[in-house]
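Reader: I should like to learn how to read the packing and backbone features of a protein model. Could you guide me through them in turn?

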Amino acid sequence: MRNRMKTGLKSTEISLLSIVLMAATFILWSWEKTPSLTAFPPPQKTLHLSSEILSSVSDEEPKHERILEAGKNHGIRTFPTPTTSDAKRNEAEGKKTSKLKEHREAFVKNSPQRSSSTGRKDNNWNNATEIKACNYAKGKWVPDNNRPLYSGLGCKQWLSSMWACRMMQRTDFVYEKLRWQPKDCQMEEFEGLKFLKRLQNKTLAFVGDSLGRQQFQSLMCMITGGEEKPDVEDVGDEYGLVIAEGNARPSGWAYRFPSTNTTILYYWSAILCDVEPIDVNNPQTDYAMHLDRPPAFLRQYLHKFNVLVLNTGHHWNRGKLKANRWIMHVGGVPNTDKKIAVIWGAKNLTIHSIVSWVNSQLPKYPDLKAFFRSISPRHFSGGDWNTGGSCDNTKPMSVGKELLDEESSDPVAGNAVKGTGVKLLDITGLSQLRDEGHISRFSLTAQPGVQDCLHWCLPGVPDTWNEILFAQI
């Protein structure tokens, strides 16, 4: 067709092509002008997977896992390797962009704002500078001498030593000097004070597994710049986040910055569904994991949140279910559906169910912004975590590559949020390019032959997740 276009198209062909292009443009315009998805009536009943969704589970999820583990270049374009001069140029461009943003923010600051009272009713989301829609999942990693955003040695108040690779025997830290650059748009530069002002009188909650806890600790370090902040208040007791009898630590943490009355919290819920003992009088009891019921913590405290970030993924395996004595329940009774009994069927049902439930709550809480974070990829090579799998690479596979996929590399999460008011925090593809950023063999508790190719060094990749979250709030 290219040869025909070069030699000239006939008038009829040109007319036909014009009609097709006009139709495509109209479809695109219609999509962009679609009213807010929250206008659709949310489901009020417990979600049940249709036979169509269930029949696709066994094919969709294994393919998804193969993509995450194998690191194949889906939608990835190569480009010349970045150099030190590229880093300097990026730094200069960043300074120019920062000055432009200061002027824009000054304009917003001096513009009339609606008055509001403190507390839950204070809806000042509009104080943020409007940025045109951007697919932050598309782009590339570029060197940036202004990174990291905090010190892995200094952020001891918030950062667990088991994730602070600067405190380990690792000696290469090039992974700290990379910044994610979205394609065709500029991501807002993260600043701790700006973040706190944007969430003044508001609460941000992370609810998920240990990767969610990493994102929580990353954000605390980013806000404070890794410096000690003795004035920050521990308000865990307001959310029931206290150490229960017999436990070594609480089920989460909550901290408040008094200068802006901003609360940041994390609650551990690895599978994002309600879990309760089947026999409360039996210390060895099994536990009912209600796949179609949100965690009790969310049902109790959702009304206090202004931003909610959910995640789940790596606890969905038979080993975890057996070790925790979790028994699948649907509709309040043990599950008997063989399609749901498959691990990926249960995970799919739970993700769709929690997203559906949160979506149903959005009309009650109009200033709540809810996100489902896509899965964080693993990079085990030559085995799994307990069979000699490793991730020894220190040179980023991201060098010379650009991510161009329109759709998320996590189709389960991507499909779950479609048609809802819950947004996708899409970090899977960009994180897939960063195999060198894991803790690897440098864990403080590492055993011979066992590497951590799941969790990330901090500072590191989860910082970018929070930058994208900041840009989307």
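This is a predicted model: local features need pLDDT of at least 70, side-chain atom pairs count only at pLDDT 80 or more; totals for chains, interfaces and linings use all residues.

Reader: With which other ring does phenylalanine 195 form a tilted pair?

Author: The partner is phenylalanine 470, with 5.8 Å from centre to centre and 45° between the planes. Phenylalanine 195 belongs to helix α5 (residues 192–198) and phenylalanine 470 to helix α13 (residues 461–472), so the pair links distant parts of the chain, 275 residues apart. Both phenylalanine 195 and phenylalanine 470 are buried.

Reader: Which residues form one aromatic cluster?

Author: One such cluster consists of Trp158, Phe216, Trp253, Tyr255 and Tyr266.

Reader: Where does a lysine or an arginine lie over the face of a ring?

Author: Lysine 304 is placed over the face of tyrosine 239, at 5.2 Å from the ring centre. Arginine 434 takes up such a place over tryptophan 141, at 4.5 Å from the ring centre.

Reader: Which residues of the largest nonpolar core touch the most other members?

Author: In soluble globular proteins, nonpolar side chains tend to be buried together. Here the largest nonpolar core has 57 residues, of which Phe195, Leu204, Phe206 and Ile264 touch the most other members. Helix α6 (residues 210–224) gives the most to this core, with seven residues. Leaving aside residues up to four places away in sequence, leucine 204 touches Phe195, Leu199, Leu219, Thr263, Ile264, Leu265, Val307, Leu469 and Ile473. A second, separate core has 30 residues, including Ala254, Phe297, Phe305 and Leu308.

Reader: In what order do the strands of the open sheet lie, and which are the edge strands?

Author: The order of the four strands is β8-β9-β11-β12, and their pairing is mixed. The edge strands, β8 and β12 (333–334), each pair on one side only.

Reader: How many bridges join each pair of strands, and do they run parallel or antiparallel?

Author: Strands β8 (residues 274–277) and β9 (residues 287–290) run antiparallel and are joined by four bridges. Within this pair, valine 275 has methionine 289 of β9 as its bridge partner. Four bridges also join β9 to β11 (residues 326–330), and these two strands run parallel. There, tyrosine 287 stands opposite tryptophan 326 in β11. Between β11 and β12 there are two bridges, and the strands run antiparallel. Valine 330 stands opposite valine 333 in β12.

Reader: What span should helix α10 have, and how far apart are its end C-alpha atoms?

Author: The expected span is 1.5 Å times one less than the number of residues. Helix α10 (residues 343–361) has 19 residues and should span 27 Å; its end C-alpha atoms are 27 Å apart, which agrees. Helix α10 is also mostly covered, with 18 of its 19 residues buried.

Reader: Where are cis peptide bonds found?

Author: Omega is the angle to read. The bond from arginine 147 to proline 148 is cis, with omega near 0°, and proline 148 lies in the loop between β2 (139–143) and β3 (178–182). A cis bond also joins leucine 458 and proline 459, where omega is about 0°. Proline 459 is in the loop between β17 (452–456) and α13.

Reader: Which residues other than glycine have a positive phi, and are they buried or exposed?

Author: One is aspartate 184, with phi near 65°. Aspartate 184 lies in the loop between β3 and α5 and is exposed, with a relative accessible area of 62%. Another is serine 440, with a positive phi of about 60°. Serine 440 is found in strand β16 (residues 438–440) and, at 3% relative accessibility, counts as buried.

Methods:
Residues are numbered from 1 along each chain as its sequence is written. Side-chain values use heavy atoms; hydrogens and water are left out. Rings of Phe, Tyr and Trp (its six-membered ring) pair if their centres lie within 6.5 Å; planes under 30 degrees apart count as stacked, over 60 as edge-to-face and the rest as tilted. Buried means under 20% relative accessible area, exposed over 50%, partly exposed in between (1.4 Å probe, protein chains only). A charge sits over a ring if NZ of Lys or CZ of Arg is within 6 Å of the ring centre and within 35 degrees of the ring normal. Two strands pair if DSSP finds at least two bridges between them. A nonpolar core is a set of buried Ala, Val, Leu, Ile, Met, Phe, Trp, Tyr and Cys residues joined through side-chain atoms within 4.5 Å. Contact means heavy atoms within 4.5 Å.
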